[in-house]
Amino acid sequence: MTVRTRFAPSPTGLLHIGGARTALFNYLFARHHGGTFLLRIEDTDRERSTREAVDVILQGLAWLGLDPDEPPLFQSTRAPRHAEIAQTLLAAGHAYRCYATAEELREMRERATAEGRPPRYDGRWRDRDPAEAPPGIAPAIRLRAPREGETVVHDLVQGTVRVANTELDDMIILRSDGTPTYLHAVVVDDHDMGITHVIRGDDHLTNTFRQVQIYDALGWRKPEFAHIPLIHGADGAKLSKRHGAVSVLEFEKQGFLPEALCNYLLRLGWGHGDAEILSREEAIRLFDLDGVGRAASRMDYAKLTHLNGVWLRAADDARLAEDTLHRLAGRPDLTLDATTRARIETLMPALKERAKTLADLADSAAFLARRLPLPFDAKARALLTEDALALLRELAPKLADTDFSVAAIDATLRAYAETTGRKLGAIAQPLRAALTGATTSPPIDATLSALGKTESLARIAAATETMALI
RNA sequence: GUCCCGUUCGUCUAGUGGUUAGGACACCAGCCUUUCACGUUGGUAACACGGGUUCGAGCCCCGUACGGGACGCCA
């Protein structure tokens, strides 16, 4: 049997990391078993579903590299099929028409709650003669669920979970307006799509009992179920649209790499020995459901950031330069032309070594695109003392005589340090301040070389002039 | 309230009856160094609690506490 999984989000909000991880697990499980990964948009709630939300989901999945193997299926297009199956159930006596009004049901729930009983439908139309149907009321269709025994789910993550059927009531499968409810639509679609493994958040675990009842009434073969624990916010509270849930596209904006986010999400709730850094290929090779834990986990930005640094250092320089240019574009204090582009590309190997996010990276590269005079931060200013400026004036001609390869610059600086009896740091720091306006940057020789001789000397001159005035 | 699920360092986890309870992030200290990073060495730090079962329990059983989830003509 070929594995077929699906990610089935409802387009009513954003794609947050909980959904992203569910998609990732479905994708990895399918790939690991040589199967197919599908996407189904659960847009049966026409009121709340939006085209924008669909786009956000699609963009988020694309960014994460979790594209489905077939075009997405929109659940709303399947309403006729859902109704058809409901009629089948009705004809077979596995379902019945319920004429209870919304008002009636509300009262039923309120009374139950007030009396300390679980709020459930009392089955008042289950065995009532349809001839007694009140006129003018469109009925909903309810499943005639078993009243005795228990319903069991053999979950690949949660193990065998069972509930007494007395705990379950007769759920509505088709609303009075003829549209399907979620529980029913999911069963019909998973069946028709040939889904073999339903991998979803464990907030669906108790829903599964009701879905199993529908499968059984239909005599359909059930898929395997795997309910994975939820991700909570850093404070341990549930991730929701109001609380801590941010779109995966927001992570992109903040400078996280998709491979880092996937790596992080994979390790959240899943483990394989001491393996921490996992590429997509390794993840596909190693991932399986038996490594998934059962407890909810918390979002930890520090670890995500660390992982991002790891993947950033491993990333292709050209790709990073491109992203940096993109992030820097539009900043009025910068000049982004072929020259600055070349500087960024040249220095990228050293730049990426000390950045954690693409946003950090862009910030750290900004000095390469600055116009003179440079703005100096407080530490740089403090560093450019009278003595330091004198040193720079003395050093400038020697640099002017140096060919600007990294090795040659290094040699010049070392020679100057030796003849003046200074430590290298005593030379590098003032130089760094003059060239970058800050006290941290890639190695000074590489920085000088990337800037080029003309620009470097201009910056040194500008620094000695402007600082001397203060 | 009822039902379901869970609980190992601050966080993510390894661990499937016998371990000095391992790793990663974070944190602290040292080393490296041309700043910052990277790297590296070391350190602080956990089996929720109470009963069993067993020669022996983080691992098995039962309670308790705490946390989460589900109980819609939402998904």
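What percentage of the 470 residues of chain A count as buried? The figure is 48%, where buried means under 20% relative accessible area, exposed over 50% and partly exposed in between, with a 1.4 Å probe and protein chains only.

This is a predicted model, in which local features need pLDDT of at least 70 and side-chain atom pairs count only at pLDDT 80 or more, while totals for chains, interfaces and linings use all residues. Residues are numbered from 1 along each chain as its sequence is written, chains are lettered from A and ligands numbered from 1 in the order in which they are written, and side-chain values use heavy atoms, with hydrogens and water left out.

Chain A contains 19 helices and 12 strands; these are DSSP runs numbered from the N terminus, helices being H or I of at least four residues and strands E of at least two. Chain A is more spread out than a compact globule, because its radius of gyration is 32 Å, well over the 23 Å that the globule rule gives for 470 residues. That radius is taken over C-alpha atoms, and the rule is 2.2 Å times the number of residues to the power 0.38. The C-alpha trace spans about 105 × 45 × 40 Å along its principal axes.

Contacts, meaning heavy atoms within 4.5 Å, can be sorted by sequence separation. Among those in chain A between residues at least 6 apart in sequence, 77% join residues at least 24 apart.

The accessible surface of chain A is about 21,700 Å², and carbon and sulfur atoms account for 52% of this surface. Such areas come from the Shrake-Rupley method with a 1.4 Å probe; for residues, only the protein chains shown count as cover.

The structure holds 0 disulfides, a disulfide being a pair of cysteine sulfur atoms within 2.5 Å.

Glu 259 belongs to helix H8, residues 258-267. Its relative accessible area is 24%, so Glu 259 is partly exposed. Apart from neighbours within four places in sequence, Glu 259 is in contact with Trp 311 and Arg 319. Ala 131 lies 128 residues from Glu 259 in sequence and 62 Å from it in space, C-alpha to C-alpha.

The last feature concerns the backbone. Most peptide bonds are trans. Leu 372 and Pro 373 are joined by a cis peptide bond, with omega about -5 degrees. Pro 373 sits in the loop between helix H13 (358-365) and helix H14 (378-383).
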